Amino acid sequence: MVCLDGDGAILMHMGGLATIGSKAPTNLIHILLNNGAHDSVGGQPTCAFDVSLYKVAEACGYKVIAPPVSNTNDLLAAFAQLNYSRGPWFLETLIRPGARTEVGRPKQSPVENKQNVMEAMRHIPHR
């Protein structure tokens with residue numbers, strides 16, 4: 001199970017980190033997309049670059065935490081570190097603010113998205 005969270009969302013809902021840590025789902029990969037902004041709702045800056053969110057996740061009980069990554073090589077190395085470890089996992093990716101203009105809003109409902117992801121995952125070989 002993969003959860004993608006923006007830094008604004010994770011700051012506003014930090015109780016979620018504690019809940020995840022206490023429930024300890026072993027199959028959860030929590031990826032933080034940290035661009036230092038509430039990008040999808042106006043671009044207001046956050047304090048996420050000033051807070052060690054991966055240390056917060058560790059304090060909340062996440063089992064596997066990778067230090068923040070900011071490039072492809074570090075991202076691949078972090079995934080290699082996380083691979084085959086029982087979670088929950090926490091990985092913070094440092095990204096640039098902004099959105100590409102050619103990327104539109106979703107055209108499918110959340111239920112349709114879930115069904116599409118589940119169907120795609122059926123074709124992934126399991127170890």
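Predicted model: local features only at pLDDT ≥ 70, side-chain atom pairs only at ≥ 80, totals over all residues.
## Helix α2

Helix α2 spans residues 15-23, and its buried residues are Leu17, Ile20 and Gly21. These residues lie on the same side of α2, because the arc they cover around the axis is only 100°. An α-helix has 3.6 residues a turn, so residues three or four places apart point the same way. The exposed residues Ser22 and Lys23 are carried by the face of α2 turned away from its buried side.

Several elements cover the buried residues of α2, including the helices α1 (7-12) and α3 (53-59) and the strands β2 (29-34) and β6. After α2 comes Ala24, which has a positive phi, near 50°.

## Strand β6 and Thr93

Strand β6, which is part of the cover over the buried residues of α2, comprises residues 89-94 and contains Thr93. Thr93 has a relative accessibility of 9% and therefore counts as buried, the cut-off being under 20%.

Beyond its neighbours within four places in sequence, Thr93 contacts Ile31, Leu32, Leu33 and Asn34, and also Val69 and Leu75.

Ile95 is located in the loop between β6 and α5 (110-121). With a relative accessible area of 37%, Ile95 is partly exposed, whereas Thr93 is buried.

Together with Val2, Leu4 and Leu33, Ile95 makes a nonpolar surface patch of about 350 Å². Leu33, one of the residues in this patch, is also among the contacts of Thr93.

Technical notes. Residues numbered from 1 in each chain as written. Heavy atoms only, no water. Helix = DSSP H or I, 4+ residues; strand = E, 2+ residues; numbered from the N terminus. Buried < 20%, exposed > 50% of the residue type's maximum accessible area, 1.4 Å probe, protein only. Contact = heavy atoms within 4.5 Å. Patch = residues over 30% accessible without salt bridge, like charges linked within 9 Å, V, L, I, M, F, W, Y side chains within 5 Å. Areas by Shrake-Rupley, 256 points an atom, 1.4 Å probe, with all protein chains shown as cover. Salt bridge = Lys/Arg side-chain N within 4 Å of Asp/Glu carboxyl O. Arc of directions from axis to C-beta.
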